[in-house]
Amino acid sequence: MSPVEQWDEKYRPSRLSEIVGNKEAIGRLVEWVKRWGSDPKAKRGALIHGPPGVGKTVAVEALARDMGLDLIEVNASDDRSRGRLERIVGEAASGASIFGKGRIIFLDEIDGLSPTDAGAVDYIAELISRANCPVILAANDAWDPRIGKIREKCELIEFKRIGIREAVPFLKRIAEREGIRADPEALKILAERNKGDLRAMLKDLQVLSSRGKAFTKEDALRAARRDRTDTIFNVLKNIFSAKSCHSAKIAMSEADVDHEMLFEWIYENAPLWLSDASDLANGMEALAKADLLFNIAKREQNWGLISYAIDLMTAGVAMSRERSRAGWVPMKFPERIALMAKMRAERAMRQRVLGKIAERCHLSRAAAGTGVLPYLLEIARNDPGAFKGLAGWFGFDAEEVEFLKSLIGAPGAPGARRPKKG
Amino acid sequence: MAEAKHVMWTEKYRPRTLDEIRDQVEVVSRLKKFVEEKSMPHCLFAGPPGTGKTTAALCLAHDLFGERFMDLFMELNASDERGIDVIRTTVKEFARAATISEAPFKILVLDEADNMTGDAQQALRRTMERYTDTCRFILCCNYSSKIIEPIQSRCAIFRFSPLKEEEVKDFLGWIAQKEGVKITDGGLAAIARISEGDLRKAINLLQASSTLKGEVDEDSVYRLAGRIEPRYAKEVLELAMKGNFSESRKRLRALLLEKGLSPLDVIRQFHSEIFLSELQERDKVLLAEMLGEADFRISQGGDPEVQMSAFLAKLASLSLGPRG
């Protein structure tokens, strides 16, 4: 059976006139392209930004088609290390067009540049300055600090969420084309709950109306309870319950998170799905190998390794599932992502404190952490006066003292442990 | 200037001169000869933590150069600054600058030298040779086998042995008396036993016990030590062995992220706990192999938590066997 065509693809606009919403932004973009190169004071690049599903990518594609320009597009699914970018767009930026046609370089999803896309930001900034053709970039978050260098060189064009008044008539047309009797109120709910994300509205409409040929308020309300993480839950469910390598890998392609984040989701939730201990051992081993490959790929810039890592983290985990219980499993957000962010600041503080101890006691910071800090905390717990004196001797400032005090009462700290059973 | 009332006793009672060092008799007598001759070779001080390596280096410098020895002395911690860059810049600069006073050379101490990367050690080898006229190196390490041979062959080697329980007890007794710590003989013996010849650990334990209420005895020392150095790894392993992988991973996560333990320390603890456990002998070998694999993968850039989790999941499956 061939897969059902996704409506967001089926009804993807190919001309600017077909695009719903953001008329003003699109007008500005067209003007900018037309005037490109003629006004020395104008910005050399354009950065279009806005939430997902509001038509940023389709606008650029349609613009190229309407204006008869070649479009050279690079998005987050491409390897965007400096070397690769040079190969893909470098030539296009410098040479004249073979067919005498103008062209546009389009770098989509640039706020998704990963740290592995080494040197990419610098290169893109350079590219914008010296390209012989307009360079358009798209991002969800134009204020992402990582792309500051790029932003400076760009005209900023904001794409806004699609308003209900524009979205509902559009949804209505689609519903009619698909032979669905849609309650206008239901479409309104759908539009409201998807907060201006037209693509998500289409996806919901397709999923919720696929069985019957009617679309009611109740249907729309079912969509209302879903949120962004729902997609990831479904992706996980499909990966964990896949019966073949193929379906496990396909499931991954539906995720709207990058592979590193998906890894974290799988790694967090594997113990819940692999209820059998030996299934879990096999699954965790597959994940450990995937992790190693990801890291080597990153370090050596050997991107070919990533595909094996993805095999292991999807198919490898799915195939580990032999004896585990079937059935519904609750899933949770990767806890360590949140924890790592929280701990980053704390780690810096910890290093500061350990640095002072290390200097005073002729030790490395690591040795200060295991050989002095726990004793110091014990002293602080028993005798605040002595701790105060020692803090002065070590030269801790107020902030450092507060930090150390917080460690005394930290959960899981020695002394705060529950007594063992039996 | 009045001495601060509260200081770490390890520093307060750290010997200042070779004469003040009570233990490591043989090492000290050889070092004293250097002082008499006003000359010394490059040295390698090898021995477990808390046996006086850094102290000996400080005392040697003091006895050679007098009170103002810090001008001619530099201490670098190779664990914190172990890259080749430090060897090529900081070390080289210090080593190459000629001495201003009448002292014939300077001393550079590289602590925890066994944590230096291989290429940093290679770089060091040439530096040691080139600047031997102006600078003598003292390398301190736990394991001399981790120091590359060409460096070993350029050094006089001194082995520091763990202090005997009696020696530790004597030293502690002396400090306890000076500080007015109320501690029983059993308490002192317990500290000496727990610290396993590591005098720094022993003194830190004594200082921590001095803040307890009332007289310190054997029992309170053990409770204190348990609070200070809980066997974290044991807990994590026990949870995995009971088949509770999720909770075990959660504790591991807390150790790495919240307590900030180094992954290598945790792996090392796992390693010793495996062989103390009641697992089947065959399984202990299997787990040691897996742990070695995890250690290796972490050294290759693998994520510590992910790699150790694979090990814990395996442990959980072994202890339970296939579920019926």
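This is a predicted model: local features need pLDDT of at least 70, side-chain atom pairs count only at pLDDT 80 or more; totals for chains, interfaces and linings use all residues.
**Exercise 1.** Determine in what order the strands of the open sheet in chain B are arranged, and which strands stand at its edges.

*Solution.* Begin with the sheet as a whole: five strands of chain B form an open sheet, and reading across it gives the order 2-3-4-1-5, with parallel pairing. Next, look at the two ends of that order, where strand 2 (73-77) and strand 5 (156-159) of chain B each have a single partner strand, so that one side of each is left without a neighbour in the sheet. Passing from one strand to the next, the twist averages 15 degrees.

**Exercise 2.** Describe how strand 3 and strand 4 of chain B are joined, and then find which helices lie on the strands.

*Solution.* Helix 2 (residues 25-37) of chain B, for its part, lies across strand 1 (43-46) and strand 5 of chain B, and runs at about 145 degrees to strand 5.

**Exercise 3.** Work out how many residues of each chain take part in the contact between chain A and chain B, and which helix of chain A gives the most to it.

*Solution.* First count the residues: 61 of chain A are in contact with 63 of chain B. Second, consider the area, since the size of an interface is often given as the accessible area lost when the parts come together. Here the two chains bury about 5100 Å² between them, of which 56% is on carbon and sulfur atoms. Third, list the polar links, which come to seven salt bridges between chain A and chain B, one of them joining A:Glu335 to B:Arg253 with the closest N and O atoms 2.6 Å apart; residue pairs in polar contact, both at pLDDT 80 or more, number 20.

**Exercise 4.** Examine the packing of helix 13 of chain A against helix 12 of chain B, and state which residues make the contact.

*Solution.* Start from the geometry, in which helix 13 of chain A and helix 12 (residues 245-258) of chain B pack at an angle of about 150 degrees, with their axes 9 Å apart. Then name the residues: A:Tyr267, A:Glu268 and A:Pro271 come from helix 13 of chain A, while helix 12 of chain B brings B:Phe245, B:Ser246, B:Arg249 and B:Arg253. Sorted by class, the contact has three nonpolar, one polar and three charged residues.

**Exercise 5.** Find which parts of chain A are linked by the salt bridge of A:Arg352 and A:Glu400.

*Solution.* The search of the whole structure gives 42 salt bridges over all chains, and in the one considered here the side chains of A:Arg352 and A:Glu400 meet at 2.8 Å, N to O. Placing the two residues then shows that the pair links distant parts of the chain, with A:Arg352 in helix 16 and A:Glu400 in helix 20 (residues 398-408) of chain A, 48 residues apart.

Definitions and conventions:
Residues are numbered from 1 along each chain as its sequence is written. Chains are lettered from A and ligands numbered from 1 in the order in which they are written. Side-chain values use heavy atoms; hydrogens and water are left out. Two strands pair if DSSP finds at least two bridges between them. Helices (H or I, at least four residues) and strands (E, at least two) are DSSP runs, numbered from the N terminus. Axes are lines fitted to C-alpha atoms, for helices over the stretch in contact, and angles run from 0 to 180 degrees between N-to-C directions. Contact means heavy atoms within 4.5 Å. Buried area is the accessible area (1.4 Å probe) that two parts lose on being put together, summed over both. A salt bridge is a side-chain nitrogen of Lys or Arg within 4 Å of a carboxyl oxygen of Asp or Glu. A polar contact is a pair of N or O atoms within 3.5 Å; within protein, one must be able to donate a hydrogen and the other to accept it, and residues adjacent in sequence count only if both atoms are side-chain atoms. Ala, Val, Leu, Ile, Met, Phe, Trp, Tyr, Cys and Pro count as nonpolar, Asp, Glu, Lys and Arg as charged, and the others, Gly among them, as polar.
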